[in-house]
Amino acid sequence: MSRAENELAMPLTGIRVLDLTRLLPGAFCTQLLADMGADVIKVEEPGTGDYMRWTPPLVDGRSALFDALNRNKRSIALDLKSDQGREALLRLAATADALVEGNRPGVMDRLGLGWKALHERNPRLVMCSITGYGQDGPFASRAGHDLNYMAVAGGLGLNGERAGPPIPLSVQVADIGGGGLQPAVAILAALVAVQRGGEGRWIDASMTDGAVGWLALAFAARAAGERVARGDQRLAGRYACYRVYECKDGGHYSVAALEPKFWRALCEGLARPDLVELQYSEDASAQAAVEEVFSSRTRDEWEEVLGPLDACCEPVLDLDEVPSHPQVVARRLLERGRQGRAPALGEHTEELLREIDLGVS
């Protein structure tokens, strides 16, 4: 398939999205849209641009983190604090289907670029405002980052060993989930409504709201009277059948054999059929018995034994091992050649000025 044919086959071809955000959440949101064919135009401050452009590690003077989140986008540099820059943005918004911004509540209004101004210029425009705590409530204007949102949502308090302190999650769940994935879904839904004849709408996307929503099962268990505490949840170490076990060499193996057939297959693979009845035992001795078995061999030795089994168990990989994993290779998940390049700051300014009448030369 040619590049032109591939572009026509993309589901969001013809959809234009303006990205006024910085750092991770908004960039991840619009990256999802760009990967589906949307023309994502990153509107950045002249001279500095997105702060993530300067975030280490740098490769040939470029931030590897920025490049990972901004492929297939175009960049225009506009000074939104100037009358000319604001007018240019409004004209650009008149040609767009969606606009994503990540300022604190009230900032866009103070710039003269709030929902009312944008909606008047383009009634079909979908505007999505991504913030930490939402557009209202006592925390609306409060500063924060992923760790804070997970703390308020309750997710941080559930992460870690029972007797230890809460441990920060290695993946930014509130940023990526509440500030990236869920806003992208909401934008797509709003675009469908517009295509059916409706007007544009303003989406209030809160990262804390998203994180709370992702804890639906924990809150449901709590409401049902079940104990929900750090290190004592169904899927966080309570049962022997759903835990991470240390091996002889210090490596680890993940066991998620929730269904009886998988647990039985695992116990047989471990040559310990006597453990079958301990699947959902909450006695510490049950977990200790499985720990003792796994400690008798290295991670790779267990992989030779357990790999062929249909038992919901996998070795815990270090990040360096992921690129060579056969499933990752087969799915071509990390092939740089499949990704478009992230734009330089303001790289497409002149191109867009020629393409769209933004009121400036």
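The dialogue below walks through a few features of this structure.

Biologist: What should I know about this model before I read it, and how are its residues numbered?

Modeller: This is a predicted model, in which local features need pLDDT of at least 70 and side-chain atom pairs count only at pLDDT 80 or more, while totals for chains, interfaces and linings use all residues. Residues are numbered from 1 along each chain as its sequence is written, and side-chain values use heavy atoms, with hydrogens and water left out.

Biologist: Is strand 2 largely enclosed or largely open, and which strand is joined to strand 2 by four bridges?

Modeller: Strands (E, at least two residues) and helices (H or I, at least four) are DSSP runs numbered from the N terminus, and a residue is buried under 20% relative accessible area, exposed over 50%, and partly exposed in between (1.4 Å probe, protein chains only). In strand 2 (residues 39-44), five of the six residues are buried, so the strand is largely enclosed by the rest of the structure. Two strands pair if DSSP finds at least two bridges between them; here strand 1 (residues 16-19) runs parallel to strand 2 and is joined to it by four bridges, with D19 standing opposite K42.

Biologist: How many salt bridges does the structure hold, and which residue forms one with D39?

Modeller: A salt bridge is a side-chain nitrogen of Lys or Arg within 4 Å of a carboxyl oxygen of Asp or Glu, and the structure holds 24 of them. One of these links D39 with R74, whose closest N and O atoms are 2.8 Å apart. Because R74 lies in strand 5 (residues 73-77) and D39 in strand 2, the pair ties together parts that are 35 residues apart in sequence. R74 counts as buried at 13% relative accessibility, whereas D39, at 22%, counts as partly exposed.

Biologist: Where do R354 and E350 lie, and are they buried or exposed?

Modeller: Both lie in helix 16 (residues 349-355), four residues apart, which is about one turn of the helix. R354 is exposed, with a relative accessible area of 66%, and E350 counts as exposed at 58%. Salt bridges that share partners also join R16, D39, R74, E351 and E355 into one network.

Biologist: Which residues form a nonpolar patch on the surface?

Modeller: Such a patch is made of residues with over 30% relative accessible area and no salt bridge, the nonpolar side chains (Val, Leu, Ile, Met, Phe, Trp, Tyr) being joined within 5 Å. Here L181, V185 and W214 form one, with about 290 Å² of accessible area together, by the Shrake-Rupley method with a 1.4 Å probe and only the protein chains shown as cover. L181 is found in helix 8 (residues 173-195) and is partly exposed at 37%.

Notes
Patches are made of residues with over 30% relative accessible area and no salt bridge: like charges are joined within 9 Å, nonpolar side chains (Val, Leu, Ile, Met, Phe, Trp, Tyr) within 5 Å.
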